[in-house]
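Reader: I have a model open and want to learn to read it. Please take me through it feature by feature.

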Amino acid sequence: MARDGNTGSYEYQGMTYEYGRGFTSGVNRYGDFSEQFAEFSAGRGTPRDSRGRFASRAVVDDVGVFAFAEGLEGIIAGSAFIQAAKEAKAREVRDFWISIAPVRGDKPPGGHVSDETAYGTNWPEDYRNSIEVHTDADGFVYVGSDLLPLAEWLEYGSRHNPEHGYGARVLAAFNGTGEAAQPSRITRRSASLFPA
Amino acid sequence: MIAPDVEELVVKYLSQFFPNVGIDMPSVPPTPFYLVTALASPSDWITQVSTVSVHAFATTHTGAAVAGRALHKVMNPWVFTPKLSFSLTSGTVGIDRFEISEVPAWHSYEDPNLFRYCGRYRISLRVNQSS
């Protein structure tokens, strides 16, 4: 039973909402969110600040969604839902980025194929495998490579390499701009992208 | 079809303000040097949506920052209005849309003697525009 005395459950966009428990199952066109809802119901999915306010409220505000179901619980469930949707979108972006990312060509750099270098472990797939989805504690989701400086040289070019701009091409392919997101976040990492 | 060259446009525009602008950079460039590079971009035969990088090089980090700031001052959406047109080798072109993808920021150039700030812009040009 919820605090307001409601009992039972209802369906919302293919997902089950139980009064007093929130969303308990969820499969919709963005994917299966049952796991997130279980986390939410267990009280782990919604970090709070020292005053007990829900930190992920900012995520909801960002996308302009407030009343997902009803009352406070609706907002919390909505933010978990949006967070999961953002991460699903980020994985889509990551997969596209990986699809255009190069592996090393047919010439080993300097002949030291087995040594670990500034390029990483010096495996041909180092750059491609370094493209990952990152989620910050405040719910910020972005995609990019932390393999510096190689990722930066591939993205912007260097004395020895032309500018390939893989990240910029991903951004263009997903119709992303610097205006829609927070510009400072876009350039925070060498080749990161704010997808959703 | 008359396809405008976005690199030519940016070089021509920046040359109004800066002496050393080009798409080729000598190994020891005069500084500050502005290197213009168009990235792989789509065109639908009506609009060419080009992503362009402009690299501002200088011999010190501060010099590159100053050059990047000067670049940012002239590469902005308020400058590029549809009223503004440029005479290129392909004819006269105007800019349909101008977006800043990345403001100039420092990025490693793998060269201890050159410091680089890179800004990125998305510039939409009308493909068959000529008059």
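Reader: Which residue caps the N-terminal end of H1(B)?

Author: First, the ground rules. This is a predicted model, in which local features need pLDDT of at least 70, side-chain atom pairs count only at pLDDT 80 or more, and totals for chains, interfaces and linings use all residues. Residues are numbered from 1 along each chain as its sequence is written, chains are lettered from A and ligands numbered from 1 in the order in which they are written, and side-chain values use heavy atoms, with hydrogens and water left out. Now the cap. Asp5(B) caps that end of H1(B), with a side-chain oxygen 2.9 Å from the backbone nitrogen of Glu7(B). Helices (H or I, at least four residues) and strands (E, at least two) are DSSP runs, numbered from the N terminus.

Reader: How confident is the predictor in chain B?

Author: Where pLDDT is low, the predicted coordinates should not be read in detail. In chain B the mean is 89, and 96% of the residues reach 70 or more. The model scores are ipTM 0.88 and pTM 0.68.

Reader: In what order do the elements of chain B run?

Author: From the N terminus on, the order is α-β-β-β-α-β-β-β. That gives chain B two helices and six strands.

Reader: How many residues of H1(B) are buried?

Author: Start with the cut-offs. Buried means under 20% relative accessible area, exposed over 50%, and partly exposed in between (1.4 Å probe, protein chains only). Seven of the ten residues of H1(B) are buried, so the helix is mostly covered. Among them are Val6(B), Leu9(B), Val10(B) and Tyr13(B). For chain B as a whole, 52% of the 131 residues count as buried.

Reader: What covers the buried residues of H2(B)?

Author: The cover includes helix H1 (6-15) and strands E2 (33-38), E3 (47-58), E5 (91-106) and E6 (115-126) of chain B. The buried residues of H2(B) include Ala64(B), Gly68(B), Leu71(B) and Val74(B). Check the helix length too. H2 (residues 61-74) has 14 residues and reaches 20 Å from its first C-alpha to its last. That is close to the 20 Å expected at 1.5 Å a residue (1.5 Å times one less than the number of residues).

Reader: Which residues is Val21(B) in contact with, beyond its neighbours within four places in sequence?

Author: Contact means heavy atoms within 4.5 Å. Val21(B) touches Val11(B), Leu14(B), Ser15(B), Phe33(B), Tyr34(B) and Val36(B). Val21(B) lies in strand E1 (residues 21-22) and is buried, at 16% relative accessible area. The C-alpha atoms of Val21(B) and Val11(B) are 6.1 Å apart, though ten residues separate the two along the chain. Now widen the view to chain B. Of its contacts with a separation of 6 or more, 60% are between residues 24 or more positions apart.

Reader: Which side chain does Ser108(B) join through a polar contact of 2.8 Å?

Author: A polar contact is a pair of N or O atoms within 3.5 Å; within protein, one must be able to donate a hydrogen and the other to accept it, and residues adjacent in sequence count only if both atoms are side-chain atoms. Here the partner is Trp153(A). The Ser108(B) side chain also reaches the backbone nitrogen of Glu110(B), at 3.4 Å. Ser108(B) sits in the loop between E5 and E6 of chain B. It is buried, at 13% relative accessibility. Its contacts beyond four places in sequence include Glu152(A), Gly157(A) and Arg116(B).

Reader: How many salt bridges are there over all chains?

Author: Side chains of opposite charge can pair when their charged atoms come close. The cut-off is a side-chain nitrogen of Lys or Arg within 4 Å of a carboxyl oxygen of Asp or Glu. The whole structure has eight. One joins Lys89(A) and Glu92(A), with N and O 3.8 Å apart. Those two are three residues apart in helix H3 (residues 71-100) of chain A, so about one helical turn separates them.

Reader: Is Glu99(B), a salt-bridge partner of Arg97(B), buried or exposed?

Author: Glu99(B) is buried, at 7% relative accessible area. Arg97(B) is partly exposed, at 44%. Their closest N and O atoms are 3.5 Å apart. Elsewhere, salt bridges that share partners join Glu155(A), Glu163(A), Glu102(B) and Arg120(B) into one network.

Note on methods. pLDDT is the predictor's confidence in each residue, from 0 to 100.
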